[in-house]
Amino acid sequence: MCEPLICDSGRAGRGARGQWPAAEGKVPEIPASLRRARPPALPEVSELDVVRHYTRLSQLNFSIDTHFYPLGSCTMKYNPRACNAAAMLPEFLGRHPLARSAHSQGFLACMYELQEMLMEVTGMKGVALTPMAGAHGEFAGVAMIRAYHRARADLARNEIIVPTAAHGTNPATATMCGCVAREIGVGPDGDVDLAALRATVGPRTAGIMLTNPSTLGIFERGIAEVARIVHEAGGLLYYDGANLNAILGKVRPGDMGFDVMHMNLHKTFSTPHGGGGPGAGAVGVGPRLLPFMPLPVVAREGEGEAARYRWLVEADLPQSIGRLTGFNGNAGVLLRAYVYMRMLGREGMSRVGDYATLNSNYLLARLQQAGYVAAYPQRRASHEFILTLKSLAQQQGVTAMDVAKRLLDYGFHAPTTYFPLLVPECLLIEPTETESKETLDAFVVAMATILSEAGSEPETLRTAPHRMPVRRLDDVRAARELDLAHRPVSG
Ligand SMILES: *Cc1c(COP(=O)(O)O)cnc(C)c1O
């Protein structure tokens, strides 16, 4: 079943003329040669048709507002409406990005306090807010690492070490910054292979990119030793802080020895995301990278009533890697993060860490009881964990993709599949701290049902989903032969 296209549902002469702007006398002078010969083939539909069409389309989506969405690494948690409402105040929305600092003191004060709170949460010494995505923040971070080595005339350092468990953006960032990504493995328990690390560091090491908890959903126990090895070799440590849920109020990357990091404010700090944006990938730096921060950064001068805020610019930070966005970054996302952090406070932030890990470990234990296999059974989960369906695939011919698709039939968004690449037939599951025990239990029931279906009717799983508006799609064809052109139905 397919929704009819709105382009095919018009009737000549129908419309919503009441909505048209009054055009009399305002038609711009367009040269005849540039004017179209025929009117555009727009559907002629009533206002009610349009409302129904787009409302129906929006209801075909899975979203955090309608379904549990345990997408590992991507953190689809609930974002309080209050954050949205405050960020949408007309005074914020109407602020011009080029307004003088004297006219933007309220906004600048929020941004300054956001920088301070992010420093407190991460243990970093400086924060710049302007990168517009996690990957953009990574780019800023590795550019700062390069600038640091260059400033010391240490020009040979162009290698970034990346553990195999890393998010794909890490090696991509290293490459985009003109570095060479050197991959190292992890041991059987999921910790970085220290012997491989020792063998890889050297005079060409610019730094290492990793995250802790790692994308394997476990806490890197050797982190102090990793930091020592890399620092002794002259490299810096980059923390991929896309997702801070597990560590909020518990441990800080700065205290673990990291020199630079990015945070996905759109994963941890209350901006809805998915489908490519909008986001904010604020970066935090330790003392060594302070001079290289991207611009602009908000500074406060004076205290209390006399405090004034202003943007730091090139003259203030001459060694900066420069500007990464046209204006001040994604102001709306930054404001949501600010309100979120002010609402939670120190105690609430720490509770995020408590419940993110509690939910994750509860769900892992229940799924193991139901017969699923943890990829790292000897380790405690962080905010997320990995199941491996390797034996299910071997014995029943049912893959992680089949299970993911069948979950849609039971009303759950699928977890992340086939990432990290290290674990065969894996599901990376992140329940997040905002889900209730009842929701997690219902998810376990669905997963248990799917496991029994794998034995009794594997074909049902292989051809799932069955209850969605579209059946299983041919991903490869959709990517290679994408065709979005509209061809009117004749007659
Ligand atoms: C999401 C994510 C990124 C990339 O963030 P974007 O905002 O999508 O660019 C990087 N690393 C990890 C671990 C992530 O989960």
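View A. At 34% relative accessibility, Arg 300 comes out as partly exposed; buried means under 20% relative accessible area, exposed over 50%, and partly exposed in between (1.4 Å probe, protein chains only). Keep in mind that this is a predicted model, where local features need pLDDT of at least 70, side-chain atom pairs count only at pLDDT 80 or more, and totals for chains, interfaces and linings use all residues. Residues are numbered from 1 along each chain as its sequence is written, and side-chain values use heavy atoms, with hydrogens and water left out.

Arg 300 forms a salt bridge with Glu 303, and the closest N and O atoms are 3.5 Å apart. (A salt bridge here is a side-chain nitrogen of Lys or Arg within 4 Å of a carboxyl oxygen of Asp or Glu.) Glu 303 counts as exposed, at 56% relative accessibility. Strand β8 (residues 297-301) runs antiparallel to β9, and 5 bridges join the two. Between β8 and β9 there are 6 residues, and in the turn Gly 302 has a positive phi of about 85 degrees. Strands (E, at least two residues) and helices (H or I, at least four) are DSSP runs numbered from the N terminus, and two strands pair if DSSP finds at least two bridges between them.

View B. Asp 316 sits in the loop between β9 (308-312) and α11 (331-369). With a relative accessible area of 31%, Asp 316 is partly exposed. Setting aside neighbours within four places in sequence, Asp 316 is in contact with Arg 310 and Trp 311, contact meaning heavy atoms within 4.5 Å. The side chains of Asp 316 and Arg 310 are joined by a polar contact of 2.9 Å. (A polar contact is a pair of N or O atoms within 3.5 Å; within protein, one must be able to donate a hydrogen and the other to accept it, and residues adjacent in sequence count only if both atoms are side-chain atoms.) A polar atom of the Asp 316 side chain also lies 2.8 Å from the backbone nitrogen of Val 313.

View C. Arg 342 and Glu 113 meet through their side chains in a salt bridge (2.4 Å, N to O). Arg 342 belongs to helix α11 and Glu 113 to helix α4 (residues 105-122), so the pair ties together parts that are 229 residues apart in sequence. Arg 342 is partly exposed at 48% relative accessibility, and Glu 113 is partly exposed too, with a relative accessible area of 25%.

View D. Lys 437 and Asp 441 meet in a side-chain salt bridge (3.1 Å, N to O). Both are in helix α14 (residues 437-456), and because they are 4 residues apart, about one helical turn separates them. Lys 437 is partly exposed, with a relative accessible area of 48%, whereas Asp 441 counts as buried at 18%. Elsewhere, a network of salt bridges links Asp 189, Asp 191, Arg 221 and Arg 379. Searching the whole structure turns up 29 salt bridges.

**View E. An open sheet of 3 strands.** The strand order is β10-β12-β11, with antiparallel pairing. At the edges are β10 (385-388) and β11 (416-417), each pairing on one side only. β11 pairs with strand β12 (residues 426-429) over 2 bridges. Thr 416 has Leu 428 in β12 as its bridge partner.

**View F. Asn 158 and its contacts.** You'll find Asn 158 in the loop between α5 (134-151) and β2 (159-163). Asn 158 is buried, with a relative accessible area of 17%. Apart from neighbours within four places in sequence, Asn 158 is in contact with Arg 146, Cys 179, Val 180, Arg 204 and Ala 206.
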